[in-house]
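Thanks for coming. I have one chain to go through this morning, first as a whole and then at a single residue.

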Amino acid sequence: MHWACGIAECEQQFDRIEDLIVHQTEAHERTECQVCGAIVPDGYLAIRHACEEHSRAQYVRAYGASAEDVRIREEAKELVEEHADLEEVATRIEGAGD
């Protein structure tokens with residue numbers, strides 16, 4: 001399975017989901033959560049933040065999203081978490097900041 005970045009015009013693909021998440025965190029600008037104003041890495045980590053920190057209703061209001069938009073993001077989050085070693089990702093991201 002190949003994992004595509006999908007942020008803006010980025011078309012990079014990765015064999016490992018962990019490499020994709022690290023790429024999204026390190027190669028792309030951080031984004032501001034429209035619900036709470038937190039600055040978070042774009043991509044998976046932004047989706048995770050929105051899903052775990054805010055209700056669906058808050059997300060829909062802040063982003064003008066549809067129920068389908070929410071489902072797509074929730075499914076993407078579940079797919080990533082099914083396949084990713086998030087401890088490895090955290091270790092790599094934390095190590096990059098040293």
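The chain exposes about 6,300 Å², and carbon and sulfur atoms supply 45% of that area; accessible areas come from the Shrake-Rupley method with a 1.4 Å probe, and for residues only the protein chains shown count as cover. This is a predicted model: local features need pLDDT of at least 70, side-chain atom pairs count only at pLDDT 80 or more, and totals for chains, interfaces and linings use all residues. Residues are numbered from 1 along each chain as its sequence is written, and side-chain values use heavy atoms, with hydrogens and water left out.

Of the 98 residues, 31% are buried, meaning under 20% relative accessible area, with exposed over 50% and partly exposed in between.

The chain has five helices and four strands, in the order β-β-α-β-β-α-α-α-α. Helices (H or I, at least four residues) and strands (E, at least two) are DSSP runs, numbered from the N terminus.

On charge, there are 9 positive and 23 negative, and their mean positions lie 6 Å apart. Lys and Arg count as positive, Asp and Glu as negative, while His and the chain ends are not counted; the place of a charge is NZ of Lys, CZ of Arg, CG of Asp or CD of Glu.

Now R73. It sits in helix 4, residues 67–83. Leaving aside residues up to four places away in sequence, R73 touches I47 and Y59, where contact means heavy atoms within 4.5 Å. R48 is 25 residues from R73 in sequence, with 8.7 Å between their C-alpha atoms.

Note on methods
Buried means under 20% relative accessible area, exposed over 50%, partly exposed in between (1.4 Å probe, protein chains only).
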